[in-house]
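Thank you all for coming. I would like to take a few minutes to walk through one structure with you, and I will go slowly so that everyone can follow along on the screen.

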Amino acid sequence: MVKVGIVGAGRIGRVHITSIATRVPDARIKTVADPFITRETEEWAKTMGVEHTTKDYHEIINDPEISAVLICSSTDTHSQISLEAIRAGKHVFCEKPVDHDVKKIMEVVKALEGTKLKYQVGFNRRFDHNFEALQKTVAEGKIGKTEIIKITSRDPEPPSADYVKVSGGLFLDMTIHDFDMVRFLADCDAEEVYVQSANLVDPAIGEAGDVDTAIITLKMENGALAVIDNSRRAVYGYDQRAEVFGSMGMAAVSNDNQSTVQISNSEGITGEKPLFFFLERYMDAYGKEISEFIDAIVNDKETPLGIEDGLKPVLMGLAAQKSSQEHRPVRISEIMSEEGL
Ligand SMILES: NC(=O)c1ccc[n+]([C@@H]2O[C@H](COP(=O)([O-])OP(=O)(O)OC[C@H]3O[C@@H](n4cnc5c(N)ncnc54)[C@H](O)[C@@H]3O)[C@@H](O)[C@H]2O)c1
């Protein structure tokens with residue numbers, strides 16, 4: 001039985017608490033820590049089998065009985081808490097992104113060196129039944145050599161300007177999932193990134209210094225080209241699709257709907273909108289990623305996504321930021337040499 005501590009009991013913390021409580025028999029949550037934990041969350045946590053709640057995550061770090069820590073707090077705490085957990089000899093599941101600052105991610109890389117600790121980054125979309133099947137299809141060679149990857153990734157509604165200010169911006173907060181997906185589908189890293197971006201959805205996002213609409217083109221190391229289109233507002237719901245085109249054909253996945261009911265009448269043919277947002281669309285994927293993390297600990301296997309998989313999308317995000325600001329293609333090697341890698 002793996003005893004787990006969860007740092008952060010906000011939206012994603014609650015998702016992971018639910019997954020462990022309901023579908024990961026090899027793990028039990030000993031402690032949940034959050035400085036702003038409410039009475040309601042404490043009561044709810046008890047119903048999920050959580051033994052103890054606290055405002056101070058150091059209780060988790062200093063507890064010898066806890067062998068794995070899930071970091072679900074705000075992004076600016078991830079690398080520091082990762083370091084403390086690793087130094088205390090604990091396995092870590094860290095929500096995305098590990099940090100916006102490459103130097104801080106590299107400190108986590110160094111801390112892991114020479115240890116046998118498991119470290120997994122929360123790129124949950126790899127565990128979505130559609131994207132998983134698409135990747136498998138491509139990896140099995142069913143569409144030949146990959147030439148073009150297309151990802152559509154649009155949120156149903158924009159976040160608040162306050163959120164945008166601390167989010168790290170579109171590329172490090174939202175597109176980072178798509179950067180991971182491109183790497184997953186192409187099975188290699190990106191070489192070069194070129195961005196066209198705009199503030200078309202909410203002027204408050206522009207005033208907060210960010211963009212809300214982007215077309216990102218990438219050249220991958222295996223020669224394939226990729227395109228990601230992002231918007232912070234799709235009025236019909238969370239739009240998460242992907243297509244891979246190759247020398248022998250094409251494979252594509254569509255959105256998940258509540259049902260596949262179609263109504264045909266004299267007005268036309270209509271169906272359900274896509275599931276509303278990430279909590280609806282990816283609940284199963286969140287459960288699978290945590291099951292795999294615990295499985296890696298119990299059976300001493302590699303985690304499906306390591307610290308390198310946390311670093312690479314951040315490099316792509318920084319290249320995208322630069323391309324957006326300077327209106328030019330940016331090579332990943334340029335970002336790496338700036339960061340001393
Ligand atoms: N993988 C995904 O699909 C996904 C989805 C949403 C959020 N996230 C990531 O998860 C993280 C949290 O996002 P959220 O939407 O749950 O935010 P949230 O604001 O709902 O929750 C964050 C929680 O962390 C707590 N917190 C802050 N500092 C803390 C500390 N030092 N110790 C313990 N708790 C602390 C806050 O009080 C808050 O309750 C972010 O990094 C975000 O990027 C990932």
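**The ligand and the sheet**

Of the 22 residues around the ligand, the ones that come nearest are Gly 8, Gly 10, Arg 11, Ser 73 and Glu 95. Please keep in mind throughout that what we are looking at is a predicted model. If we sort the shell around the ligand by class, we find nine nonpolar, nine polar and four charged residues, and the element that gives the most to this shell is helix 1, with three residues.

Six strands form an open sheet, and if you trace them across in the order 3-2-1-4-5-6, you will see that the pairing is parallel. At the edges stand strand 3 and strand 6, residues 119-121, and each of them has a single partner strand, so one side of each is left without a neighbour in the sheet. From one strand to the next, the twist averages 20°.

Which strand is largely enclosed by the rest of the structure? That is strand 2, residues 27-33, because six of its seven residues are buried. Strand 2 pairs with strand 1, residues 2-7, in the parallel sense over six bridges, and within that pairing Ile 6 stands opposite Val 32. To get from strand 1 to strand 2, the chain passes through helix 1, residues 11-23, and this β-α-β crossover is right-handed.

On to strand 3, residues 52-54, which runs parallel to strand 2 and is joined to it by three bridges, with Thr 31 standing opposite His 52. Here the chain crosses from strand 2 through helix 2, residues 39-47, to strand 3, and this β-α-β crossover is right-handed.

If we look at strand 5, residues 91-94, we see that it pairs with strand 6 in the parallel sense over three bridges, and Val 92 stands opposite Tyr 119. In the loop between strand 5 and helix 5 we find Pro 97, and the peptide bond leading from Lys 96 to Pro 97 is cis, with omega near -20°.

I will finish with two residues that have a positive phi although neither is a glycine: Asp 300, at about 45°, and His 327, at about 55°. Asp 300 is found in the loop between helix 12 and helix 13, and because it has 9 other C-beta atoms within 10 Å, it is exposed. His 327 lies in the loop between helix 13 and strand 15, and with 10 C-beta neighbours inside 10 Å it counts as exposed.

Key
Residues are numbered from 1 along each chain as its sequence is written. This is a predicted model: local features need pLDDT of at least 70, side-chain atom pairs count only at pLDDT 80 or more; totals for chains, interfaces and linings use all residues. A residue is buried if 20 or more other C-beta atoms lie within 10 Å of its own, exposed if 12 or fewer, and partly exposed in between; C-beta atoms are placed from the backbone. Helices (H or I, at least four residues) and strands (E, at least two) are DSSP runs, numbered from the N terminus. Two strands pair if DSSP finds at least two bridges between them. A crossover is right-handed if, with the strands pointing away from the viewer, the path from the first strand over the helix to the second runs clockwise. A residue is near a molecule or strand if its C-beta atom, placed from the backbone, lies within 6 Å of it. Ala, Val, Leu, Ile, Met, Phe, Trp, Tyr, Cys and Pro count as nonpolar, Asp, Glu, Lys and Arg as charged, and the others, Gly among them, as polar. Axes are lines fitted to C-alpha atoms, for helices over the stretch in contact, and angles run from 0 to 180 degrees between N-to-C directions.
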